[in-house]
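Morning, everyone. I'd like to walk you through one model today, contact by contact. Please have the structure open while I talk.

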Amino acid sequence: MPWNYYQNVVTSSYSYVWWDWERWEKEIDWMALQGVNLPLAFTGQEAIWQKVFAEFNISKQDLTNFFGGPAFLAWARMGNLHGWGGPLMQNWLNKQLILQKQILSRMMELGMTPVLPSFSGNVPAALKTIFPKANISRLGDWNTVDGDPRWCCTYLLDPSDPLFIEIGEAFMKHQIKEYGDVTDIYSCDTFNENSPPTSDPTYISSLGSAVYKAMSTVDKDAVWLMQGWLFYSDSVFWKPPQMKALLHSVPFGKMIVLDLFADVKPIWKSSSQFYDTPYIWCMLHNFGGNIEMYGILDAVASGPIDARVSKNSTMIGVGMCMEGIEQNPVVYELMAEMAFRSDPLQLEEWLTTYSRRRYGKSVQQVEAAWKILHRTIYNCTDGIADHNTDYIVKFPDWDPSVNNQHGRSEINQRHKLAGIQQQRRFFLRETSSTLPRPHLWYNNQDAVSALKLFLDAGDELAGIPTYRYDLVDLTRQSLSKLANEVYLNAIHAFRDKDPKALSFHSLKFLQLTKDIDTLLAADDNFLLGTWLESAKKLSVNAEETNQYEWNARTQVTMWYDNTKYVQSKLHDYANKFWAGLLEAYYLPRAAMYFKRLLKSLEEKEEFKLEDWREEWIAYSNKWQAGTELYPVTAQGNAFAIAKELYQKYLT
């Protein structure tokens, strides 16, 4: 997975606009957008900002605690945090600007219309000192452990302040100077998971007007492309008056909204089609770049068409806004195809064709397996935003001896595990008395049946890389769901004060983790080493190497800040089923926990959760700063390993 991909995680969106032009033709030249692909082009913007802020007497040193690190740029750009993982080296800024120009050149060659960033009001702390009379407020805390001001609570320049327009115009001018006149589409998201300081519609309207004025003063044909995620994630704040104030703050037809989560929670249905504002039907699908087989194929196949033909539709295209890709290829192939379809398709037939294309031949067993997967793994209709919280990759931070009476009833639901619905992409850590529940929306035995069919096709397909990838992924998924049950059996044993059973189940959990790591190591697509080495390759000296590797390690593990006894609120948000990560990171964490559970039974003492936290967090921080190497090429026979593990655990 390319390291540069994660610079734009969360804000990585692209859209196709290809229908309903006549409705908007008088307001904007939508005909010019017919069939156009609109990819975000956000790389290198920090180099532009460095030049812009210099005009306002903000030094390079002032920016060291403003830009996020290479793995956390997206959240710094949205004003969620500042300084975390930084500072950005000048070499990084220079190389990213060069890369952005290469990206734009290639986009233009392919006939794409890039979407460039614009000013949202997010400013460095130094601006408040240099312009003491400017109306600058500090936003609230976003998921830090204790409100550490080094990266908590970013600064927002009020849109009513004349400085807002000045900075916004300066950024637009510098962008055009660097890249040329390559687009009229600009993205801006001021309150992504940060609520405005007031719900006054007048204020919200003035904010929108100022954002657009900063664009349109420089580019008279500017169109504002905005995520609609805030209307879902902060629906308590964004009631109809507030939504209308923002959506109607710009000239009609000069704003496009991304209905970011339309595959699960379409906002167009509850907002009168965004109150007559053009929007793009988007599939979000993935959170944190997690690796989990998941999807809603029926919604993907029908949702865009249902939206297009709905009464008073304001939909103008379809898009993808995933936080991470390179997982669930069937979902992305189907979604990409929907950009060119105007009529519903028959999914059973499509999946049969997909199987033949993917493996290069027709094999009855895998075609039958895909029918099972369609109605199980790829039929999640519970409305829950899927985020992989399987116990291997997001080990619970809780004390099973607390709240014993209620906890047992929770554990007894282990065959009906379901995630608690959350609207924010970033979930708060668990409380010590509540057992987190992994999301399970299908019967795992059905997935095991599909796996058996995949294995039966191995004699014909084992030499095909796409088959091996799907086989490894399905085996991993089946074993991970089994591990969830094994974990709960271990907790049962602890509460029954049965050290022998606890030892048995905990050892089985640890062995499952080791075996899944071995399985993943047999396919090039599931290697931690690839991620780490691609990060280090961008460095030109030892200091950069250490920083980039720390960023890469931290993003997929602890993610954000922690104290001695409290894990990051976002720990494991970007968890990965990668060989190397399971054995070196997830396995030791679980082993430390189970060891302390067993000790508390054998020595008839309380389970000391705080001691485990201290031990585990110290281990994590040490691993984050580590430099040990991990393989970058597959090792072992994926088909043979999958077959062996199926026989060992699933028969």
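A polar contact here is a pair of N or O atoms within 3.5 Å, and residues adjacent in sequence count only if both atoms are side-chain atoms. Hold on to that for Arg476. One caution before we go on: this is a predicted model.

So, Arg476. Find helix α18, which holds this arginine. Is Arg476 buried or exposed? Buried, because its relative accessible area is 0% and the cut-off for buried is under 20%. Its side chain joins that of Gln477 in a polar contact of 2.8 Å.

Stay with α18. This helix spans residues 465-495, and α19 covers residues 499-520. Their axes come within 8 Å. The crossing angle is roughly 165°. Angles over 145 degrees count as roughly antiparallel, and therefore that is the label for α18 and α19. The crossing of α18 past α19 is left-handed. What sits in that contact, by class? There are 16 nonpolar residues, five polar and two charged.

Now for charges. Side chains of opposite charge can pair when their charged atoms come close. How many salt bridges does the structure hold? The count is 25.

Start with Lys220 and Asp221. Their side chains form a salt bridge, 3.4 Å from N to O. Lys220 is exposed, at 65% relative accessibility. Asp221 is partly exposed, at 35%.

Next, Arg553 and Glu628. This salt bridge is 3.1 Å, N to O. Where do the two partners lie? Arg553 belongs to helix α21, residues 542-555. Glu628 is in the loop between α23 and α24. So the pair ties together parts that are 75 residues apart in sequence. Arg553 is buried, with a relative accessible area of 0%, whereas Glu628 counts as partly exposed at 33%.

Which residues are linked in it? Glu533, Lys536, Glu549, Arg553 and Glu628, through salt bridges.

Glu614 sits in helix α23. Lys564 sits in the loop between α21 and α22. This pair therefore ties together parts 50 residues apart in sequence. Glu614 is partly exposed, with a relative accessible area of 28%.

On to a histidine. Go to the loop between α3 (73-77) and α4 (90-109), and you'll find His82 there. His82 is buried, at 8% relative accessible area. What does its side chain face? A polar atom of the His82 side chain lies 3.1 Å from the backbone oxygen of Cys152. The backbone oxygen of Pro149 is 3.4 Å from a polar atom of that side chain.

Last stop, a glycine. Gly319 lies in strand β11, residues 315-320. Gly319 counts as buried, because its relative accessibility is 2%. How far is Gly319 from Met335, C-alpha to C-alpha? In space, 8.1 Å; in sequence, 16 residues.

Note on methods
Residues are numbered from 1 along each chain as its sequence is written. This is a predicted model: local features need pLDDT of at least 70, side-chain atom pairs count only at pLDDT 80 or more; totals for chains, interfaces and linings use all residues. Side-chain values use heavy atoms; hydrogens and water are left out. Helices (H or I, at least four residues) and strands (E, at least two) are DSSP runs, numbered from the N terminus. Buried means under 20% relative accessible area, exposed over 50%, partly exposed in between (1.4 Å probe, protein chains only). Axes are lines fitted to C-alpha atoms, for helices over the stretch in contact, and angles run from 0 to 180 degrees between N-to-C directions. Angles under 35 degrees count as roughly parallel, over 145 as roughly antiparallel, 65 to 115 as roughly perpendicular and the rest as oblique. A crossing is left-handed if the near helix is turned anticlockwise from the far one by less than a right angle, and right-handed if clockwise. Ala, Val, Leu, Ile, Met, Phe, Trp, Tyr, Cys and Pro count as nonpolar, Asp, Glu, Lys and Arg as charged, and the others, Gly among them, as polar. A salt bridge is a side-chain nitrogen of Lys or Arg within 4 Å of a carboxyl oxygen of Asp or Glu. A polar contact is a pair of N or O atoms within 3.5 Å; within protein, one must be able to donate a hydrogen and the other to accept it, and residues adjacent in sequence count only if both atoms are side-chain atoms.
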